[in-house]
Amino acid sequence: MSKRFMILALALALTLAAVTAQAQMLTKKQFSADNYTRDADGTEETYKVYMGGDRMRVDQPGGAMIIRMDLNVMWMIDDDEKVYMESVVNPDDVDMTVAQDIADGQDVTKLGTETVNGYHCTKYRVVTHMGDMMGQMPDLSNMPPEIRAEIEQAMGGMSGDVVSTVWESEDLGVAMRSQDEDGSLEELRNVQEGTQPASLFEPPAGYQKRQMSFGSMPQ
């Protein structure tokens, strides 16, 4: 698994720890989709996501990340090392929507409705005050300095305000599109509704388990 994927997965885990949830269900429906991303510098990437109600899988080259809210765990799969790393996910810390009351440090304004890739969406303006959000993050002081620095860089510098426009599908219960003022974009495309195989949300047979915490890196 690439070092960048490791860092981004940890950044996602830290972000989840700052968001208030109303339920353990990640999405209202089960589906698979292509998750298209475009960075501010124009770099494009597409990877597969699978949503199974209370579980989620994100595939990337060299591995995958699986969130299981029924078990309150997150697994990071490393195909190169044939291992998976486990960390605890608090069900009160995860929400895939912006319609609920969300974390301190974020302001949400409803802008109207639009259709995105065939789904009726509510459009929101979300202002995230990164300094306030950092105050809610777990302590990273025990991490190696180079890893801590890259996590903070991956999460946008952790200063100032980040202004985003988010299009949320009430039907699916997820954001279909999110675009920042710097031009970066994330969007779900080619959504295929239907029950997802249970095997997608399990570590591969024969892989060794390693514990992972926010205070240390896997050994």
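Start by selecting M176, which is buried, with a relative accessible area of 1%. Buried means under 20% relative accessible area, exposed means over 50%, and partly exposed lies in between (1.4 Å probe, protein chains only). The model is predicted: local features need pLDDT of at least 70 and side-chain atom pairs count only at pLDDT 80 or more, while totals for chains, interfaces and linings use all residues. Residues are numbered from 1 along each chain as its sequence is written, and side-chain values use heavy atoms, with hydrogens and water left out.

M176 is part of strand β10. Strands (E, at least two residues) and helices (H or I, at least four) are DSSP runs, numbered from the N terminus. Now show what touches M176, where contact means heavy atoms within 4.5 Å. Leaving aside neighbours within four places in sequence, the partners of M176 include V116, N117, Y119, C121, W167, E187, L188 and V191.

**The nonpolar cores**

Which residues have the most contacts inside the largest nonpolar core? They are F31, L172, M176, L188 and V191, in a core of 25 residues. Strand β2 (residues 44-52) gives the largest share of this core, three residues. A nonpolar core is a set of buried Ala, Val, Leu, Ile, Met, Phe, Trp, Tyr and Cys residues joined through side-chain atoms within 4.5 Å.

Select F31 next. Apart from its neighbours within four places in sequence, F31 is in contact with residues including V49, Y50, M51, L172, V174, L188 and V191. A second, separate core has ten residues, among them Y50, A64, I66 and Y84.

**An aromatic pair**

Rings of Phe, Tyr and Trp (its six-membered ring) pair if their centres lie within 6.5 Å; planes under 30 degrees apart count as stacked, over 60 as edge-to-face and the rest as tilted. The ring centres of W75 and Y84 are 6.2 Å apart and the planes stand at 80°, so this pair is edge-to-face.

**Charges around E187**

Go to E187, which is buried, with a relative accessible area of 6%. The side chain of E187 forms a salt bridge with that of R177 (2.6 Å, N to O). This pair links distant parts of the chain: E187 is in strand β11 (residues 185-193) and R177 in strand β10 (residues 174-180), ten residues apart. A salt bridge is a side-chain nitrogen of Lys or Arg within 4 Å of a carboxyl oxygen of Asp or Glu.

E187 also forms a salt bridge with R189, and here the closest N and O atoms are 2.8 Å apart. R189 is partly exposed, with a relative accessible area of 33%.

Both arginines are also placed over rings. A charge sits over a ring if NZ of Lys or CZ of Arg is within 6 Å of the ring centre and within 35 degrees of the ring normal. Show W167: the charged end of R177 sits over its ring, 5.0 Å from the centre. Then show Y36: the charged end of R189 sits over its ring, 3.9 Å from the centre.

**Other salt bridges**

Select R57 and D59. They form a salt bridge whose closest N and O atoms are 2.6 Å apart. Is R57 buried or exposed? R57 is buried, with a relative accessible area of 17%. The whole structure has twelve salt bridges.

**Two loops**

Select N72, in the loop between β4 (63-68) and β5 (73-78). N72 has a positive phi of about 60° although it is not a glycine. Its relative accessibility is 26%, so N72 counts as partly exposed.

Move on to N117, in the loop between β7 (106-116) and β8 (119-129). N117 is not a glycine, yet it has a positive phi of about 50°. N117 is partly exposed at 41% relative accessibility.

**The whole chain**

The protein chain has three helices and twelve strands. Of its 219 residues, 47% count as buried. Among contacts between residues at least 6 apart in sequence, 60% join residues at least 24 apart. The accessible surface of the chain, from the Shrake-Rupley method with a 1.4 Å probe (for residues, only the protein chains shown count as cover), is about 10,800 Å², and 45% of it belongs to carbon and sulfur atoms.
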